[in-house]
Amino acid sequence: MPNQIENRKAEHIKISLKENVQAREICAGFNDIHLIHRALPEIDRDKISLASRVFNHNFSAPILVGAMTGGTRDAAKINSSLAEAVEELGLGMGVGSQRAGIERPELESTYKVVRKKAPEAFLIANIGAPQLVKGYGQREIKRAVEMIEANALAIHLNPLQEAIQPEGEAKYAGVLKQIEKVTDEIDVPVIVKETGAGISAEVAKKLEEAGVQGIDVSGAGGTSWAAVEYYRAEIHKDPFHKRLGSIFWDWGIPTVASLVEVSQSTEVTVITSGGVRTGIDVAKSIVLGSHLASMSTPVLLPATKGSDEVKKTLHFIIEALRNTMFLVGANSVDDLKKAPVVILGDTADWLEKRGFNPRTLARR
Ligand SMILES: Cc1cc2nc3c(=O)[nH]c(=O)nc-3n(C[C@H](O)[C@H](O)[C@H](O)COP(=O)(O)O)c2cc1C
């Protein structure tokens, strides 16, 4: 019998596939970022290398598939398709929250399939910060990592979702201390990720002090969890939560602003997600200080069809990244990091008001 967590997870997937749960009013900010076209690239497109070494792992391109699922039969198929594709393309991926697999061992296989299908790829385990406050300790964390023989552990922050979902547990008191404990206790890098509302410079600094090695900004401008909850409330005929979902639909720090805030204020490894939709967005993320870029929703529908569809989607993103590198004259990802950039519009305003000068973004 499926339990409450499984039902909820299945609803998240169904809604994300069926409804438009993308941000409405708020933009990720990629349109404000202009890379400078180089009419004399002086390089050959076919000789460009996208290879990147991050977290001591070799990636064929600086691209991840973001955490989405596990715990249901559909999830097993989705995870299997994603894993097969990232293995073949030399990328990495995260699994969705492993709470279901930790609490119900019969569901472990829906996560384990990723290591089976991707023996070499960079895989990221996933647990929610609220679980840490509710008593998850070293035993549960180790199980999550071992379940998929993970290369890293992601702890997700989802205060927005917990605050607006009917069964939400908006209990975040003491979370940072628990995160610090996890970083002390496990021997794979700990990544803290948001889930679509972004991470500020202030929070990033605290996470760095707690020993976190990577931050995935998961900013606003892509998939909106408030939107997912809006549609869940509609299904359950719950006008109160539907209204909450509607007014918080566009809540959060836009992705690009969050990326700059985090990369300019810490030394951690930065992952950009939240509305990354094209290879051009990936390139812009790297220019602004990101080490990897990550996408979830763009590969969800392809993953329900099989690994070939995921491969096609990711291949297109990789080739668009290669084109962008060609057009700015970057032979390697290291070259790309040095490409000139102009930041305009709301993103420039945001950064200036927050004390970052968009004209003098120091390169790392
Ligand atoms: C259906 C679905 C399920 C998700 N489940 C999780 C999860 O279990 N754990 C997590 O850390 N993030 C989860 N996320 C958030 C994504 O990892 C990502 O941060 C967010 O969707 C923004 O990326 P996008 O705009 O490319 O979709 C989920 C996203 C989607 C669409």
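Tyrosine 136 counts as buried because 21 C-beta neighbours lie inside 10 Å; a residue is buried if 20 or more other C-beta atoms lie within 10 Å of its own, exposed if 12 or fewer, and partly exposed in between, with C-beta atoms placed from the backbone. The structure is a predicted model, in which local features need pLDDT of at least 70 and side-chain atom pairs count only at pLDDT 80 or more, while totals for chains, interfaces and linings use all residues. Residues are numbered from 1 along each chain as its sequence is written.

**Confidence**
- The protein chain has a mean pLDDT of 96, and 98% of its residues reach 70 or more; pLDDT is the predictor's confidence in each residue, from 0 to 100.
- Within the protein chain, confidence is lowest in α1, at a mean of 89, and highest in strand β9 (residues 214-216), at 99.
- Helices (H or I, at least four residues) and strands (E, at least two) are DSSP runs, numbered from the N terminus.

- Tyrosine 136 is located in the loop between α5 (129-133) and α6.
- Leaving aside residues up to four places away in sequence, tyrosine 136 touches Ile127, Gln131 and Ile141; two residues are in contact if their C-beta atoms, placed from the backbone, lie within 7 Å.
- A distance of 10.0 Å separates the C-alpha atoms of tyrosine 136 and isoleucine 102, which are 34 residues apart along the chain.
- Glutamine 264 belongs to helix α12 (residues 255-265) and is buried, with 20 other C-beta atoms within 10 Å.

**Packing of α1 and α10**
- Helix α1 (residues 4-18) packs with helix α10 (residues 225-235) at an angle of about 105 degrees, and their axes are 10 Å apart.
- Axes are lines fitted to C-alpha atoms, for helices over the stretch in contact, and angles run from 0 to 180 degrees between N-to-C directions.
- The two helices α1 and α10 are therefore roughly perpendicular to each other, a description that covers angles of 65 to 115 degrees, whereas angles under 35 count as roughly parallel, over 145 as roughly antiparallel and the rest as oblique.
- Glu11, His12, Ile15 and Ser16 of α1 make the contact with Val228, Tyr231 and Arg232 of α10.
- In this contact of α1 with α10, three residues are nonpolar, two polar and two charged; Ala, Val, Leu, Ile, Met, Phe, Trp, Tyr, Cys and Pro count as nonpolar, Asp, Glu, Lys and Arg as charged, and the others, Gly among them, as polar.

**Surroundings of the ligand**
- The ligand is surrounded by 26 residues, of which the closest are Gly96, His156, Gly222, Thr223 and Ser296; a residue is near a molecule or strand if its C-beta atom, placed from the backbone, lies within 6 Å of it.
- Two or more residues of the shell come from each of α1, β7 and α14 (297-305), and the largest share, three residues, is from α1.
- By type, the shell around the ligand holds seven nonpolar residues, 18 polar and one charged.

**Helix α14**
- The buried residues of α14 are Pro298, Val299, Leu300, Pro302 and Ala303, and their cover includes α1, β4 (63-65), α2 (73-89), β11 (292-295) and α15 (307-327).

**Positive phi in loops**
- Glutamate 149 has a positive phi, near 45 degrees, in a residue other than glycine, and lies in the loop between α6 (138-147) and β7 (152-156).
- Lysine 237, although not a glycine, has a positive phi of about 50 degrees, and its place is in the loop between α10 and α11 (239-247).
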